[in-house]
Amino acid sequence: SVDVSASVFQNIVQTVGTSEESVSVGDIATVGYMWAKNLDATNYVRIGAATGSYAIKLKPGEVFLGRWAANTIYAIADTAACNVEFILFSD
């Protein structure tokens, strides 16, 4: 089980383009956990906590779930725009 201090979460599908963009965290003050799924059938996306630095690569259909260490999320698609589903949980 995971203990979080708030019940706030954000569930969105964001179209991530080939230029770096920030992911909307909504009303979450401190991101605790992030679940992300690349909904594209062909291209991969990269996700990171700082601009220009991507620790996560999601190939088509892949999922990431883990604790997030920043209040910012940046994403960039490889060849063409990809829809990515994000579920963000407050810490």
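Trainee: How many bridges join β4 to strand β7?

Mentor: This is a predicted model, where local features need pLDDT of at least 70, side-chain atom pairs count only at pLDDT 80 or more, and totals for chains, interfaces and linings use all residues. Residues are numbered from 1 along each chain as its sequence is written, and side-chain values use heavy atoms, with hydrogens and water left out. Strands are DSSP runs (E, at least two residues), numbered from the N terminus, and two of them pair if DSSP finds at least two bridges between them. β4 and β7 (residues 74–77) run antiparallel, and the bridges joining them number 4.

Trainee: Which residue in β7 is the bridge partner of I47?

Mentor: β7 covers residues 74–77. The partner of I47 there is A75.

Trainee: Which residue in β5 stands opposite R46?

Mentor: β4 (residues 45–48) also runs antiparallel to β5 (residues 56–58), with 3 bridges. V45 faces L58 in β5. Opposite R46 stands K57.

Trainee: How many helices does the protein chain have?

Mentor: A helix is a DSSP run of H or I, at least four residues. The pattern along the sequence is β-β-β-β-β-β-β-β. The chain has 8 strands, and its helices number 0.

Trainee: What is the radius of gyration of the protein chain?

Mentor: This radius is taken over C-alpha atoms, and the globule rule is 2.2 Å times the number of residues to the power 0.38. For 91 residues the rule gives 12 Å, and the chain's value is close to that, so the chain is as compact as a globular protein of that length. The C-alpha atoms fill a box of roughly 40 × 25 × 20 Å along the principal axes. The radius of gyration is 12 Å.

Trainee: What percentage of the 91 residues is buried?

Mentor: Buried means under 20% relative accessible area (1.4 Å probe, protein chains only). Buried residues make up 38%.

Note on methods. Buried < 20%, exposed > 50% of the residue type's maximum accessible area, 1.4 Å probe, protein only.
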